[in-house]
Amino acid sequence: MNSKTRKTKKQASVVKFEMNVLSKDEIAKRIKSIEENLKASTWRELEIQGKFAKNDKLSFISDEMLIVGCDIGSETHYIRAIDVRGRELSKGAFGFSNTAEGFANAKAWVLNLAAEND
């Protein structure tokens, strides 16, 4: 390569982003539909003889999934949600208490995120 040549910088392409704003009724309908078809799985349930290859995990994840991770504390837990591409769907972690009411709030938060993000 000639040392006198200049490398050109590639510029990022800008894509217009449209926000999908739904009414409360539409969100409530989506939440009800999601709740009826709700299925939760953990990696441990999917393991075979204690082993689960990385590629097997990746092939398990589908476009319709919402991935939720939970940081468990003694009194307060925090959850975040991402889509299948790893994009965070909320502005921050959702904190909830270690009570039945706290877990119900967390479930409602996740269902609301799922409905808003299709």
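**Reading a predicted chain**

Me: Which residues is Leu22 in contact with, leaving aside its neighbours within four places in sequence?
Reply: Leu22 and Ala115 are 93 residues apart along the chain, yet their C-alpha atoms are separated by 9.3 Å. Ala115 is one of the residues in contact with Leu22.

Me: What pattern does the chain follow, read along the sequence?
Reply: The secondary structure consists of four helices and three strands. Read along the sequence, these elements follow the pattern α-α-α-β-β-β-α.

Me: What percentage of the residues of the chain count as buried?
Reply: The accessible surface of the chain is about 10600 Å², and 50% of it belongs to carbon and sulfur atoms. Burial is counted over the 118 residues of the chain. The share that counts as buried is 14%.

Me: What share of the contacts in the chain with a separation of 6 or more comes from residues 24 or more positions apart?
Reply: The count takes in contacts in the chain with a separation of 6 or more. Within that set, residues 24 or more positions apart account for 31%.

Me: How many bridges join strand β1 to β2?
Reply: Strand β1 (residues 67-71) and β2 run antiparallel. A hairpin of four residues connects the two strands, and Cys70 stands opposite Ile79 in β2. The number of bridges that join β1 to β2 is five.

Me: Is Asp83 buried or exposed?
Reply: Asp83 is found in the loop between β2 (76-82) and β3 (94-97). Not counting residues up to four places away in sequence, Asp83 touches Ile67 and Leu89. The relative accessible area of Asp83 is 13%, and the cut-off is under 20%, so the residue is buried.

Me: What is the length of the polar contact that joins the side chains of Asp83 and Arg87?
Reply: Asp83 sits in a loop, and its side chain has a partner in that of Arg87. The polar contact between these side chains is 2.7 Å.

Me: Which residue has the backbone oxygen that the side chain of Ser90 reaches?
Reply: Ser90 also lies in the loop between β2 and β3 and is buried, with a relative accessible area of 15%. Not counting residues up to four places away in sequence, Ser90 touches Ala81, Trp109 and Leu113. Its side chain reaches a backbone oxygen at 2.8 Å, that of Gly92.

Me: What kind of aromatic pair do Phe94 and Phe96 form?
Reply: The count of aromatic pairs comes to three. In one of them, Phe94 and Phe96 lie 6.4 Å apart centre to centre, with 20° between the planes. Planes under 30 degrees apart count as stacked, so the pair of Phe94 and Phe96 is stacked.

Me: Which helix holds Trp109, the ring partner of Phe94?
Reply: The rings of Phe94 and Trp109 have centres 5.1 Å apart and planes at 15°, so this pair is stacked. Phe94 lies in strand β3, and the pair ties together parts that are 15 residues apart in sequence. Trp109 lies in helix α4.

Me: Which residues do ring pairs link into a cluster?
Reply: Phe94 is partly exposed, with a relative accessible area of 22%. Phe96 counts as buried at 5% relative accessibility, and Trp109 counts as buried at 17%. The cluster linked by ring pairs is made of Phe94, Phe96, Phe103 and Trp109.

Me: Which element gives the most to the largest nonpolar core?
Reply: The largest nonpolar core has six residues: Ile79, Ala81, Phe96, Ala106, Trp109 and Leu113. At least two residues of this core come from β2, and at least two from α4. The element that gives the most, with three residues, is α4.

Me: Which residues is Phe96 in contact with, leaving aside its neighbours within four places in sequence?
Reply: Phe96 belongs to the largest nonpolar core and to the cluster of rings. Among its contacts are Ile79 and Ala106, which are also in that core.

How values were computed:
Residues numbered from 1 in each chain as written. Predicted model: local features only at pLDDT ≥ 70, side-chain atom pairs only at ≥ 80, totals over all residues. Heavy atoms only, no water. Buried < 20%, exposed > 50% of the residue type's maximum accessible area, 1.4 Å probe, protein only. Contact = heavy atoms within 4.5 Å. Areas by Shrake-Rupley, 256 points an atom, 1.4 Å probe, with all protein chains shown as cover. Polar contact = N/O pair within 3.5 Å; in protein donor to acceptor, adjacent residues only side chain to side chain. Phe/Tyr/Trp six-rings, centres within 6.5 Å; stacked < 30°, edge-to-face > 60°. Pairing = 2+ DSSP bridges. Core = buried A, V, L, I, M, F, W, Y, C linked by side-chain atoms within 4.5 Å.
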